[in-house]
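Trainee: Before we look at the model together, could we go through what stands behind the words used to describe it?

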Amino acid sequence: MKKPVAHIALFAYLAVVALVIILPLVYVLFGSIRPTPAITGTLWDLLPTGFTWDHFASAFNRAPILRQMLNSAIVVVAQTGLQVLTSVLAAYAIVFGNFRRPGLILGAYLVTMMIPNEATVVANYLTIRQLGLFDTIVAVFMPFVASAYSIFLLRQTFLGFPTEIKEAATVDGAGPMRFLFRFLLPLTRPTVMTVTLVSAIAAWNGYLWPLLVTESPTARTVQVGVKALFDEADTDFGAGLAGLIVVSIPTIILVIVGQKFLARGLTEGAVK
Amino acid sequence: MIRTRKGVAAGVTLAAVASLILAGCSGQPQPQETVAADGPVSIDFWYSVGGSSADALMKQVDAFNSSNSFNITINPIYQGDYTETAAKLTNAVQSGDTPVLLQGGDTFSAYLHDSGLATAPESVATFDGQAYNGDGVVAAAANYYTFDSKLWAVPLMVSQPAVFFDATKLQAAGLSGENPPKSIDELFDWADKIYAATGAAGLVFQQNEWWNEQFSALNNVVYCTPDNGLGSEAATAFDFVNDDLVNVWTHYQKSLQAGAIVNVGSDGVAAQNAFSVGQAAMLLASSASLGTTTAAAAFDINAFALPVATEGGGAVPGGSALWVLGEGHSDNEKAAAVEFARFMGSADVQRQIFEDSGYLPSNQEALDGLLTSETSQPKLALLKQLTATAKTSATGGCHNGAFGQSRADVRSAIQAIAGGADVQSSLENAQSKGTDQLADYNKRASK
Amino acid sequence: MQSTNLFGQPNGFVGSDNFAAMFSDPDFWRTLGITVLFMLGSVAGKVIVGLAIALPVSQRVRGTGVFRASVLIPMAVSTAVAGLAFRALMTPSTGLFDVIARALGGDNVGWLTSTNVSLLSVIIVDVWTAIGFTVLLLLAALDSIDKQVFEAADVDGARFWRRTFSITLPLITPTLFFVVVTQSIQALREFTIINVLTAGGPADSTRTLVIDIYQAAFGGTADYGASSARSIILLVLILALTAIQFGVLERRVNYR
């Protein structure tokens with residue numbers, strides 16, 4: 001574009017868009033530090049009009065936020081770790097396992113991919129209850145230790161792995177495990193990283209499932225916990241807003257640090 | 001004169017035997033059974049209040065945990081509002097995960113009583129042999145939780161609705177709290193006047209089925225028949241639609257559309273906020289809102305009682321009660337639960353809860369004391385309203401187990417009315433749906 | 001296929017009774033309607049907003065890089081947090097949205113309390129949370145269009161809008177297609193946002209199928225039979241949707 005007027009218009013437009021996008025978070029942030037009343041019901045709510053830590057103190061008082069963040073962290077580590085492990089092994093088996101009909105196996109996984117979690121929650125919930133695992137962290141990540149989506153992505157990448165290297169490795173006497181760790185994974189690291197990141201984010205963001213299988217505040221994960229905090233804080237808006245800020249800190253850091261991987265993660269899924 | 005030793009001994013024995021016999025015949029609640037407290041007991045307590053009401057409640061829970069002499073620890077768990085808590089309880093029954101202590105919303109009481117989950121406090125064997133005694137509970141509050149002349153739950157946080165207002169704004173329209181309106185319709189007139197005089201809304205309250213019940217009770221209308229379900233028979237039908245009620249909601253609809261009443265949907269928190277930040281001159285809310293609004297408002301808050309238009313009418317004291325859900329729990333846990341119930345119902349605790357939150361004291365001694373010592377105008381107004389509430393079927397409130405769904409239907413009707421729907425048909429629709437659900441519940445409960 | 005009693009315990013095999021009850025329940029059909037409306041509104045919103053942001057940003061003017069970063073912000077918070085933030089914004093009367101509405105001369109908009117507006121509000125939040133995803137994808141697609149195509153168009157005298165509709169959009173149809181498919185399915189599954197904002201209300205005006213599934217099972221009546229029947233319907237819907245979209249839209253997509 002060559003015209004400067006058009007440039008300015010473009011910038012102005014994008015600036016407004018950026019402000020609108022950022023509005024909710026700014027509102028929450030300013031509200032969380034504004035001395036009571038946290039929300040005044042006037043346009044002043046758009047600006048930081050004061051400072052206090054009171055609401056954060058109140059939030060920590062009303063809900064065991066740190067414990068809930070720990071729970072979420074455990075879920076992320078367990079769920080992501082197990083998911084990556086099972087997906088890598090499954091994709092490996094499908095691609096290099098010399099099955100006669102690998103497509104059939106993959107097809108079966110793809111079918112499960114099309115079944116949304118939301119349709120199976122009730123059945124899974126009843127199972128968890130019968131297993132006596134209700135209100136435990138294990139119940140939160142248990143149904144998700146395998147992911148057809150990850151298997152699919154990894155399978156695509158493994159397929160593209162040069163056969164010459166595989167043959168050379170076999171000739172050198174490398175067994176499957178050695179091949180996997182020494183050759184395959186290092187060379188497909190970007191995809192594995194993406195799969196890990198996507199899986200971790202999903203684990204952290206989980207809401208419906210933890211809502212169903214946990215009940216006590218100390219067993220809850222952070223998403224459900226912050227919603228319960230918001231409800232319980234009731235007219236104490238400041239505490240609710242402060243809770244939102246605290247709970248968002250890990251994800252904000254993650255997005256800042258992992259920008260590139262995230263961007264790639266989305267496009268990889270699209271292109272394939 | 002019995003002066004010999006033998007004579008004295010005989011006399012003492014006689015007296016002792018006599019007093020034992022007399023004690024056995026004194027009609028005290030029995031059984032005076034004892035349970036040995038072996039080791040520390042930790043029990044779950046599900047509660048449903050938030051904000052500063054929760055603060056007030058938790059303060060007492062902490063006090064109990066640190067002061068009780070039976071090594072009991074109460075583990076409080078917030079379960080959402082009364083409706084959500086009720087839903088979770090139903091789910092918990094499935095796997096035997098019910099708590100032994102529950103803060104039950106008033107309308108949940110019929111269900112809790114019918115379900116077999118609850119145990120009347122006085123039937124529970126205690127640690128010290130002293131059975132729970134409900135005599136100290138304020139009569140109007142106990143009314144709600146008494147089935148077959150037994151008190152089934154200890155009223156924990158009693159609330160009655162009242163009108164909170166900013167005196168300055170009322171003045172601007174030539175109105176004063178000294179001369180309150182005589183009916184709900186007149187209250188809405190006041191809202192219109194304030195709006196006309198100041199350009200700011202006169203009243204705010206949320207669209208909640210509770211108001212439908214309150215407006216009816218104020219007119220001495222029995223909400224469900226027979227006898228609001230308080231008699232020997234369970235309720236079988238709803239019967240609240242009448243000309244007065246239709247008029248009131250029609251007026252509401254008009255004032256809402258004009259802007260004299262703020263539309264906050266069904267959001268009670270938003271209603272309190274709108275009042276605290278000064279967007280409406282009056283707030284129609286539960287007495288419990290006094291605590292939260294005082295904390296948030298920059299002006300002095302005053303209150304007056306809800307207008308009783310008909311003799312025998314009054315505001316239904318609701319709120320919540322502490323239920324001991326004995327089913328599936330050990331004697332130890334039940335005894336611990338009753339200790340807690342006793343503590344929470346005591347004069348001192350109830351007085352503190354009132355001071356901290358605006359929930360009315362359910363303990364008669366506390367109420368009497370506060371009537372003489374209380375100096376804050378709004379608090380005094382609330383206390384007086386409770387004391388003055390007539391004890392009739394209408395003010396006893398409707399008791400039935402189908403309240404969950406039928407209340408939701410009334411709420412939808414009110415929301416529809418706020419949106420402009422025809423008042424008469426919306427209410428009649430909700431009424432007949434509710435009656436159907438009652439029939440359904442009665443059928444299911446008798447299986 | 002079983003019915004449940006007062007406490008949610010299955011008490012008998014009732015065959016297809018649950019399905020029969022569901023299909024004859026007018027509330028179920030309303031739920032379906034709301035679900036479809038939500039899906040249509042949501043996908044349309046995401047595509048339009050996505051393009052409205054991606055197209056300008058892709059112009060490669062100096063300084064637009066900063067805006068690429070701002071687009072990531074909705075991804076920095078979870079759906080639950082986003083939902084709650086908007087819940088605060090949309091609080092009746094005292095929330096910022098109503099404050100702005102009144103400042104602009106209007107009245108309180110019942111964002112979460114009016115049955116007419118509630119679905120729109122939920123859609124708005126859903127679109128906001130997806131901004132990062134949609135814009136990044138569309139940007140990647142736009143960035144990969146060969147510059148020469150545009151140069152040729154410039155020579156031919158094509159103006160911005162004509163250029164966009166006749167050239168740019170057709171060239172990114174694979175990505176647009178992908179966005180439409182994934183977001184449609186996502187909209188059918190969306191639970192968190194609605195649960196956090198309105199819980200299906202007011203007066204069931206935002207009660208989508210997923211919410212219905214949840215409420216039936218966990219809303220107090222423990223009607224697992226009804227919940228399961230609805231879960232099957234959700235499954236069928238999603239499978240059907242995927243099939244239709246791959247079948248019909250695929251033909252209109254131009255592969256290079």
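Predicted model: local features only at pLDDT ≥ 70, side-chain atom pairs only at ≥ 80, totals over all residues.

Trainee: Why is chain A called more spread out than a compact globule?
Mentor: The radius of gyration, taken over C-alpha atoms, is set against a globule rule of 2.2 Å times the number of residues to the power 0.38. For the 272 residues of chain A the rule gives 19 Å, and the value of 24 Å is well over that, so the chain is more spread out than a compact globule. Chain A has 14 helices and zero strands, where helices (H or I, at least four residues) and strands (E, at least two) are DSSP runs numbered from the N terminus.

Trainee: What makes up the side of chain C that touches chain A?
Mentor: Two residues are in contact if their C-beta atoms, placed from the backbone, lie within 7 Å, and by this criterion the contact takes 54 residues from chain C and 50 residues from chain A. On the chain C side, 39 are nonpolar, 14 polar and one charged, where Ala, Val, Leu, Ile, Met, Phe, Trp, Tyr, Cys and Pro count as nonpolar, Asp, Glu, Lys and Arg as charged, and the others, Gly among them, as polar.

Trainee: Which residues have the most contacts inside the largest nonpolar core?
Mentor: They are Val204(B) and Ala85(C), in a core of 280 residues; such a core is a set of buried Ala, Val, Leu, Ile, Met, Phe, Trp, Tyr and Cys residues joined through C-beta atoms within 7 Å, and buried means that 20 or more other C-beta atoms lie within 10 Å of the residue's own. Helix H6 (residues 118-143) of chain C supplies the largest share of this core, 17 residues.

How values were computed:
Residues numbered from 1 in each chain as written. Chains lettered and ligands numbered in written order. Buried ≥ 20, exposed ≤ 12 C-beta atoms within 10 Å, placed from the backbone.
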